[in-house]
Amino acid sequence: MCGIAGYIGRDQAAPIILDGLSRLEYRGYDSAGIAVYDGEKIHMQKAMGRLRVLEEMTQHGATLPGFCGIGHTRWATHGSPSDTNAHPHMNEENTIAVVHNGIIENYAVLKSRLEKKGYRFASETDTEVLAHMLTEYYRGDPVEAIEKVMHRVEGSYALGIMFLDHPHHIYAARKDSPLVVGEREDGKFIASDVPAILHYTRSVYYMENEEIVCLSNEHTRFFNVDGESIQKEPVTIDWDIHAAEKGGYEHFMLKEIHEQPQAIRDTVSPRIRENEIDLDDIGLDEEKIRGLRRISVVACGSAYHTGVTGKYVLEELARIPVEVDLASEYRYRNPIYEPDSLTIVVSQSGETADSLAALRDAKAHGSQVLAIVNVVGSSIAREADNVLYTWAGPEISVATTKAYSAQLAAFYLLALKFAQIRGTVTPERFRTLLDALRRLPGQAESLLAQKEKIQYFANHYLATEHIFFMGRGIDYALCLEASLKLKEISYIHSEAYAAGELKHGTISLMENGTLVVAVATQDALYPKTVSNIVEVKTRGAFVMALTTFKHNDMEKCADYVLYVPETEGPFMGSLSIIPLQLFAYYVSLGRGLDVDKPRNLAKSVTVE
Ligand code: G6P
């Protein structure tokens, strides 16, 4: 998501910080800022847009002299992209400056408490609460103030902090958001990612959760969250710069596949409070939700596929009729708008031309539009009546993975909330589903460990010309995405079929050795899909099946079986998709293709 770079040493800080931030540009951002301490005052400069703007404003750092500073590139989460919302954030007295990556989940409660005490906020960000809280707890010892803040905030953070009282010192801390400390003889660095400092040093300390560091020219001191001194050993980084940007992964796609547990967690956890789902910001009061008679989901590509899953989940749990449309079809088909309906536009980039046009059409016809969007401040986010953001972070690989997973999670939140309000699930079922939702990120993590098994299987199918995916219900919705992923990056022709529909045509394509990927994770539909597997096998197909551990009888009918952990039926797609994304990835890799930039495709399709 955002990027942090900080420096203290014998050189001018600003040019080093700006250079560090430029090495993090690949992560995506919408504004940048820097604070430099010249020994008397903390000087700050922020600019919306590319880092180039900030570099020009500061004459490449020359207007901000000083040997100690922190900088940040912001990818907006709370509050739109703007100069004011850009980091660093300072307290009212300009004595404490903070940069922050991550999300402070309880910021709203903290902010209103601080406001009652008279603290005035300049920005809409969650980060600013940190600057004011540090002011509140600061009694001369920065580490003690940081500890106190850490005990009170919930969420994820990597922080870089300067205190006017402590010239030539930088403080940093982290929880669930990466942070590294670099050292060389004449200077020290903090960074959210290794590439920011790799040009200066290869000696790095990885900060662990709930650790604090104090850097000065003389010392590098680490503390735990109780302020006790701890010892850490530096490691030597031997990656090349290019690999470092990808966090050591060979491709952004593989990195983003691995970021999915976090993307789901970041989308879900800020919206669950004390066993309730808090969606107060989506502009639908309980009366409106109770009265909903229809939902239209409109999107393109993978976002459309999350809509197909969303239909199954919303209809099953909240009992609202849902129609799902490709935006390019919807905008020209003269759709029927009814009162008491809701249009949901789903988009990672928030800039897809057809989705934006569909949104405008819906609004022009008086339909309330809720957008599920990843990029804050994007056109769709701005024009929708309300937004449910997915906190997947910037996605770089053209083939979406983590944004898709975060969109699914957003649909689960909506379905659960609507179901609770409409009384279509019992309180017990609601709790069970909520618990399952909380467990999803951990289960997704466990699946990533199956990588080698999937790579082994993928390597046997590099020369295949056609692959068929089949499943029923949510498994079918998932097959649509698995098939798209494969064809996008491997250039192998593939199709997704509702398993029951095969015999109405596609079964004629089955011959000896045809690869069929069968997904069977829905208990009620399991025997039906097994029958379809038998049908294609009888015609010579080779079947790789994907099911849950309890259905190990699958070994008797499929040729190769991949198992996924079990969750509640409506949420299964979030787990089943991971092995199939990895399958597409390894096929593409094995065929020697450009995984992250497949031919003819664009990440954001802003033309019709
Ligand atoms: C492009 C991308 C897909 C994406 C689709 C919709 O085709 O390659 O990965 O699903 O656009 O994009 P959006 O940004 O609206 O989700």
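A: Let us begin with the ligand: one of its oxygen atoms lies 2.6 Å from a polar side-chain atom of Ser347, a polar contact being a pair of N or O atoms within 3.5 Å. The protein covers 90% of the 390 Å² of accessible area that the ligand has on its own, by the Shrake-Rupley method with a 1.4 Å probe. This is a predicted model, in which local features need pLDDT of at least 70 and side-chain atom pairs count only at pLDDT 80 or more, while totals for chains, interfaces and linings use all residues. Residues are numbered from 1 along each chain as its sequence is written, and side-chain values use heavy atoms, with hydrogens and water left out.

Q: Which residues come nearest to the ligand?

A: A residue is near a molecule if one of its heavy atoms lies within 4 Å of it. Of the 14 residues around the ligand, Ser302, Ser347, Gln348, Ser349 and Thr352 come nearest. For Ser302, a polar backbone atom is 2.9 Å from a ligand oxygen atom.

Q: Which residues of helix H3 are buried?

A: Buried means under 20% relative accessible area, and exposed over 50% (1.4 Å probe, protein chains only). Helices are DSSP runs (H or I, at least four residues), numbered from the N terminus. In H3, residues 107-116, the buried residues are Leu110, Lys111 and Leu114. Seen down the axis of H3, they fall within an arc of 100 degrees, taken from the directions from the axis to the C-beta atoms, so they line one face of the helix. On the other side, Val109 and Lys116 are exposed.

Terms used
Helix = DSSP H or I, 4+ residues; strand = E, 2+ residues; numbered from the N terminus. Polar contact = N/O pair within 3.5 Å; in protein donor to acceptor, adjacent residues only side chain to side chain.
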